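Please read the points below with the sequence and the model open side by side.

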Amino acid sequence: MRTQSSVASDNKSPGSSTLAVHAGEARRKVVDSITDPIVCAATFTFPNTQAIIDFIEQKQPREEYGRYGNPGEKVVERKLAALEGGEEALLFSSGMAAMVGLLMAKLNAGDEVIFFDECYHRSREFCAKHLSRFGVVTRQVKACDYDAMESAIDDNTRLLVSESPTNPHLSIVDLERFAEIGKQYHVETLIDATLATPFNAQPIEYGIDYVLHSATKYLGGHNDLLAGVIIGGEEQMAPVRNLRGIMGAINSPHNMYLLERGLKTFELRMQRQNANGQAVAEFLEQHPRVEQVYYPGLESHPYHEVATRTMKGFGGLVTFLVKDADWRTTANIVDAVGIPRIAPSLGGVESLIEQPLVMSYYECTPEERRQFGILDNMVRYSCGIENKEDLIADLEQALEA
Ligand SMILES: *Cc1c(COP(=O)(O)O)cnc(C)c1O
């Protein structure tokens, strides 16, 4: 998979910025262009009947029909596999399409999947409302409770799933322990590492089977595209690729161009967003109007030790609680910031802010919110690449308003 790139085929592994810029790309491209062309083709032609037969008998790697793949998409898949240190990457039209694609490809009626309960609410919804209709059983255990996860495993368990860091609480999974449980019980493991990115953590190195990213966030990085990716072993990924070809949850050639372009600056953005996240978290922690800050780079964070052991950086997402504030007072602070835009999502160059109660959990009952750990005075701040001094001065005026 990686041999087509002169960079990634080298045995001495290059740094992540070198990979982000060069991996997966041919050294020499069409018309000697430095960038990859956007191939707007719904279908690909064969010169004659024998060429079709050669292709089917896998003598000739090439494109066939747009739903099965596109040359630009293959470049980005090789680049992402190289960045993650995995054999094969498979792109989908969104992070959720990737999650649905993997679960549908891997699970059969009667199978069970176990989730750590701090998870993206749409993943939870897909399992509870939809996988259940196909006879798949979902069990949820408290995030990072490894004993509870082990106890929930039985003969029908096929997959263990968690995010790391989780959203919005930023709990960090001990990847080594998670992978070991999977190996011990012969159950595959999936980590949604959207908030970590391959710059900050590489779950495959710890023995995790599948890594999922919403490429909409840090990988694309510019708040201008949606995409999702799963990275795993070539053999394990084959049925997922096959199902994607049937589902058709694929990316347009233009979208792949944007993602490839966004990835060129991946490491630079991550370095800045890690630094901004740490600075904003430290500022908030000492502010008298702040009750609590959730950020794995802070010593006060319950998973700080695991994070320091398994991560290179702690990301750009910072969650905090406003002291003695009801939901309205908290909303006033969100409304008073001047630099971040109020919006869902995270990981792009523009800082974003939201109050989870209103943005994603407004339609939940108070009981459900309590269960998911969503508090009225909770704010989620996604650092972009702006200057940290400006972000902090802006937060200061909003907290004092
Ligand atoms: C955004 C997100 C998703 C879903 O990705 P989309 O690209 O929006 O479909 C899944 N997991 C996490 C952790 C996310 O932040």
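The note begins with the basis of the model and then turns to domains, sheets, helix packing and backbone details.

1. Basis. This is a predicted model, in which local features need pLDDT of at least 70 and side-chain atom pairs count only at pLDDT 80 or more, while totals for chains, interfaces and linings use all residues. Residues are numbered from 1 along each chain as its sequence is written, and side-chain values use heavy atoms, with hydrogens and water left out.

2. Domains. The assignment divides the protein chain into domain 1 (4-263) and domain 2 (267-400), the bounds coming from an automatic or database domain assignment. Their C-alpha centres are 27 Å apart, and 32 residues of domain 1 are in contact with 38 residues of domain 2, where contact means heavy atoms within 4.5 Å. Between them the two domains bury about 3100 Å², of which 56% is on carbon and sulfur atoms; buried area is the accessible area (1.4 Å probe) that two parts lose on being put together, summed over both.

3. The sheet of seven strands. Here 7 strands form an open, mixed sheet in the order β1-β7-β6-β5-β4-β2-β3; strands (E, at least two residues) and helices (H or I, at least four) are DSSP runs, numbered from the N terminus, and two strands pair if DSSP finds at least two bridges between them. Because β1 (88-92) and β3 each have a single partner strand, one side of each is left without a neighbour in the sheet. Neighbouring strands are turned by 20° against each other on average, direction ignored. Strand β2 (residues 112-116) runs parallel to β3 and is joined to it by 5 bridges, and phenylalanine 115 has glutamine 140 of β3 as its bridge partner.

4. The sheet of five strands. A further open sheet with mixed pairing has 5 strands in the order β8-β9-β12-β11-β10, with β8 (290-294) and β10 (341-342) at its edges, each pairing on one side only. Strands β9 (residues 317-322) and β12 (residues 378-382) run antiparallel and are joined by 5 bridges, with leucine 317 standing opposite serine 382 in β12. Helix α13 (residues 327-336) lies across β9, β10, β11 (352-354) and β12, at about 20° to β12; axes are lines fitted to C-alpha atoms, for helices over the stretch in contact, and angles run from 0 to 180 degrees between N-to-C directions.

5. Helix packing. Which helix has an axis that comes within 9 Å of the axis of helix α4 (residues 95-106)? The partner is helix α9 (residues 234-247), and the two axes cross at roughly 115°. Residues in this contact include Val100 and Met104 of α4 and Val240 and Leu243 of α9. Helix α4 also lies across β1, β4, β5 (188-192), β6 (210-214) and β7 (228-232), running at about 150° to β6. Helix α3 (residues 71-84) packs with helix α10 (residues 253-263) at an angle of about 35°, their axes being 9 Å apart; the contact involves, among them, Val76 and Leu80 of α3 and Met256 and Leu259 of α10.

6. Backbone details to inspect. Serine 164 and proline 165 are joined by a cis peptide bond with omega of about -10°, and another cis bond, with omega of about 5°, joins asparagine 167 and proline 168. Proline 165 is in the loop between β4 (157-163) and α7 (175-184), and proline 168 is in the loop between β4 and α7. Cysteine 144, a residue other than glycine, has a positive phi near 65°, and this cysteine 144 lies in the loop between β3 (137-141) and α6 (146-152).
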